[in-house]
Amino acid sequence: MLRKLIDRPVAVTMIAVVLVILGIVSSRLLPVSLVPDVDAPYITVQIPAEGLPARQIDETVIAPLRQQLIQLPSLRELRSESREGSGVIHLTFEQGSDLDYLFIEANEKIDRSLSALPRDLERPKVIKASATDIPAFYINLTVRGEGPSRGAADDGLHPVSERFAELSRFASQVIVKRIEQLPEVAMVDMSGAVSPEILVIPDAGKLRQAGITAAELEAAIRNADVEIGSLTIRDGEYQYNVKFQSVITSRADIERILLRIHGRIYTMGDLAQVIEHPRPRQGMVLSDGRDALTLAVVKQSDARMSRLKGEIDRLLGEFRHDYPDVEFTVTRDQTELLDYSISNLVNNIIVGALLACVVILFFMRDMKSPMLVILTIPVTLIISVLVFYLFGISINIISLSGLVLGIGMMVDNSIIVIDNMTARWLRGERLATAVVRGTGEVLTPMLSSVLTTCAVFIPLIFLNGMAGALFYDQAMAVTITLFVAYGVSVTLLPVYYRWWYRRQEAFRPSAWLERFSFEGVERVYESALKWFFRRRWLMWGIYAVSIAGLAVLFLTVGKERLPRMTYSDMLVRIDWNDRISAEENGRRTAELVARLGDRIEQSTIMAGVQQFILSHTDQTGIAEAVVYLKCRDAADVEPVQRAIRDDLAAHAPGALCSFGVSGNVFDMIFAEREALLTARLRATSGRSPDPEALQALIGRIREALPGQTISDAPMQEDLLYVARPERMALYGIGYAQLVAALRNALNENTLFTIASGDETLPVVLGSNQRDLERLLAETFITTPEAEIPVRTLLRQTRTRDLKQIVAGPEGNYYPLDLAPRAADVPQVMATIRRVVAADEGFEVSFSGSYFSNRGMVRQLVGVLVVALLLLYFILAAQFESLLQPWIILSEIVIDLFGAIVVLWCCGQTLNLMSMIGLVVVCGIVINDSILKIDTINTLRRDGLSLRHAILEAGRRRLKAIVMTSLTTILAVAPFLVRGDMGSDLQFPMSLVIISGMTVGTLVSVLFIPLAYYEIYRPRR
């Protein structure tokens, strides 16, 4: 068949052109994103419970929900967190679970629990996570010309300007809707908006003159028939609808509402002051110190990121022209990261391919051979993209890294075919015969090499969790690229080789490359091989040392989930640990950021409770803030973090802070969300730990572990007002009257709501007083005998409790986070167990990344074992021997030992990427040995003696082995230059592959021949 192909170059060219055209068309249709579109196996239940303390939320809301949700199938972990005003339940499921079904099940179980929850509680929100739910970028909207936020105003009624309130309404009604109309946008998630409300403040003097109590005024307002429905009247066989028109849309309309009290008619404006103002804020957003709205733009899963960014840029240009009073600032732009990372990957692909061509140029000493390789690379890539489209694989960092690995091995195939055809041509065969026989000779061993390489990648998709789901793309990318490259190498390459050289009678090196000869290298190799033949014990000693060293290094090298990456931005989470309002929170945080100086290019402060629907941003309490900081460059990150710690120590010593990555999609999926070690302290009573007993236990643990930094449990101290029942009985006042008076005073008595455009405008009966003591003193309950100040009916006390209540399937516990060295974790755990055992009121269990990282490494080791078994069976089938596969696989021990030594010397850890590099090495490093063993077997069948066959095979395959190793190494060498997320992720994998291939090449040309000789040498 191959002979027929090489005689029809035009037909082969036409088929290749058709496939290339289809590949180009497919490349325009493939979605481009940072990572593959996979469902994260997480469901989050958000519980808004404004005004309720953390312990009450946990006992009355979280506990009933937890009992229902723990019954969900495929549930791996459940963790709930309760804090004042809100609660959240995090559900983690087995990867691959049907999240659509689980989402429905979770909602059904919540519906069953509603009867057990407080009556006025808002229904909990259930959110299903996906990798594409993570915003592509955020857009901050601010009012042009306004200065930094002032925080709360003096009167307490206008914490934001009227222009910003108008911007909030305009953004929700216009900006958000116009952005969501883009086909590339799935939704726009907004936070920081303020909503208006109408406050009705009774005039105490006028009410007193008219003899009207506050309760009578409220009753009159509720009976004023503000909300009017319709009637249906039937007249014989006809039916009519009777509608009543009551248009109330503004503050003025409310002032004109007629009230009938004690037989007289009043307007609302006669008895009360009507004010329209923004509702009190539980949270706020500041962009560079100014009040802002932040829009999180979530892209459609099948949209191209570049097209999304282009459309958004176009739309923002229109906005800036049409709405000059609004400033639009794009932050946390994932498209920049994607563009930079993908362009860097593409550049590395090009650089690696060019370096491989330079290697071929000098080794083959011919200008045409590199041109053939250059031809096969784009054809292979474009056809691979076509297969990507057919398999539904997107262009992302993971699949592109698979292409990078595939290119190195793809060039190997081309080199092997070209070298074999050229060698036969040089030995005197006709060109057509050399092409056919040279390709046919390596057809089977090359296919075996492809299968063995794929065999180590395919098990990656069986990793648990998101790693397996994401690296499906890498395994498929490598597999697709290798099979396409194999097809191109054995079909297109021989055809063009014959066509290219058809006018030459014999292979002749280019004139200027004739002086470059490989004969010197071959002589050195033969001398080295003979030297090792005489000292075979040395190689077996190296093998024994490698086995022992590999075991020791595997236990001692640090282990983590991801390699360290370079960032110029960060997220700072601050808990002021104080009873402050959202406005005061924003003011303090803005002052902190302002003191950081010009090292910060852009800042976004999310202070207090945020309004996002999706769970892409951490939930915060009123006294907590999440700050996004964009530094000038990566070198400023650590100084800025130190400055923040020092500033908080000086100005707010009780505040807590932590730092995290800026929220790119890869880190949101893979980053460590837990401490290295967490001691879960539980009360033996089954309830939430007693605060004072818990603090005492933490103090004893701190004394037992003097080398560890252990903070006290965050506490919250509240003022507690307790009703005086004896005074209430004395004045004849019931609890309902007291609660009604307090609700009016605290502006929590909503009378009705009116429609204003797309908004609902609540009308609230209340007060304009914000000082609590004065408010209680100036609030009265009218009785037939007198007006009783509310303050006399309450007594003030203080209460202290945990700021956050955490629970899991086992019940409530306190998570004590620790950061010991990995080697010290067992000793730390033993010490904590001993301290807790001495306290009868507590018990302890442990969790943390120490366990999950080791679990991940164990999984990867399992993948490695499965890959080795697959390799063995494939090789056994190829060589029809159960012994020769052991010769090939025995070198892997030395290769892995060399790779981990280099990893350790360079200060890297065993992480997801470096372990994948080790798996990759196992697959590609043995390709050279496969060809070597296959050649030795062929020469022995041709009648050569064992020793002569080994030496001749080594000489014949040396050039191809060195060339293929160099091209593989050079293909990934560009990733040794770090500086962006794509390169930082690939760095440890590239380092392992380069070191493993370097050691593997030496092992393949020296150790494998000795091992083959030891097994098959004549026994005396």
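In which sense, left-handed or right-handed, does α12 pass α16 in their crossing?

What we have here is a predicted model. Mean pLDDT for the chain is 80, with 85% of the residues at 70 or more. One stretch to treat separately is residues 152-158, where pLDDT stays under 50. For that stretch the model has 17 contacts beyond four places in sequence.

Now, the helix pairs. In general, two packed helices are described by the angle between their axes and the distance between the axes.

Back to the opening question. Helix α12 covers residues 368-391 and helix α16 covers residues 472-490. Their axes come within 9 Å and cross at roughly 130 degrees. The two helices are therefore oblique to each other. The crossing of α12 past α16 is right-handed, which settles the question. On the α12 side, the contact is made by T376, V379, T380, I383, S384, V387, F388 and F391. On the α16 side, the residues are M476, A477, I480, T481, V484, A485 and V488. Sorted by class, this contact has eleven nonpolar and four polar residues, and no charged ones.

Next pair: helix α19, residues 536-556, and helix α30, residues 891-905. These axes also come within 9 Å, and the crossing is at roughly 50 degrees. That angle makes α19 oblique to α30. The crossing of α19 and α30 is left-handed. From α19, the contact takes in Y543, S546, I547, G549, L550 and L553. They meet V893, I894, L896, F897, I900, V901 and W904 in α30. The class count for α19 with α30 is eleven nonpolar, two polar and no charged residues.

The crossing of α14 and α32 is right-handed. P445, S448, S449, T452 and T453 of α14 make the contact with I926, N927, I930, L931 and D934 of α32. By class, that contact has four nonpolar, five polar and one charged residues.

On to the sheets. Strands of a sheet pair through backbone hydrogen bonds, either parallel or antiparallel.

How many strands does the open sheet with the order β4-β1-β3-β2-β28-β29-β21-β30 have? It has eight, and the pairing is antiparallel. At the edges stand β4, residues 125-128, and β30, residues 842-847. Each of these has a single partner strand, so one side of each is left without a neighbour in the sheet. From one strand to the next, the twist averages 30 degrees.

Within this sheet, strand β28, residues 804-808, runs antiparallel to strand β29, residues 811-818, and three bridges join them. A807 stands opposite N812 in β29.

Two helices lie across strands of this sheet. Helix α3, residues 54-69, lies across β1, β2, β3, β28 and β29, and runs at about 160 degrees to β2. Helix α4, residues 99-113, lies across β1, β3 and β4, running at about 170 degrees to β4.

There is also an open sheet of six strands, in the order β14-β13-β18-β19-β17-β20, and its pairing is antiparallel. Its edge strands are β14, residues 290-291, and β20, residues 656-660, each pairing on one side only. Inside it, strand β18, residues 600-608, pairs with strand β19, residues 624-631, in the antiparallel sense over seven bridges. M606 stands opposite V626 in β19.

To recap the handedness: α12 passes α16 right-handed, α19 and α30 cross left-handed, and α14 and α32 cross right-handed. That's it from me.

Methods. Residues are numbered from 1 along each chain as its sequence is written. This is a predicted model: local features need pLDDT of at least 70, side-chain atom pairs count only at pLDDT 80 or more; totals for chains, interfaces and linings use all residues. Side-chain values use heavy atoms; hydrogens and water are left out. Two strands pair if DSSP finds at least two bridges between them. Helices (H or I, at least four residues) and strands (E, at least two) are DSSP runs, numbered from the N terminus. Axes are lines fitted to C-alpha atoms, for helices over the stretch in contact, and angles run from 0 to 180 degrees between N-to-C directions. Contact means heavy atoms within 4.5 Å. A crossing is left-handed if the near helix is turned anticlockwise from the far one by less than a right angle, and right-handed if clockwise. Ala, Val, Leu, Ile, Met, Phe, Trp, Tyr, Cys and Pro count as nonpolar, Asp, Glu, Lys and Arg as charged, and the others, Gly among them, as polar. Angles under 35 degrees count as roughly parallel, over 145 as roughly antiparallel, 65 to 115 as roughly perpendicular and the rest as oblique. pLDDT is the predictor's confidence in each residue, from 0 to 100.
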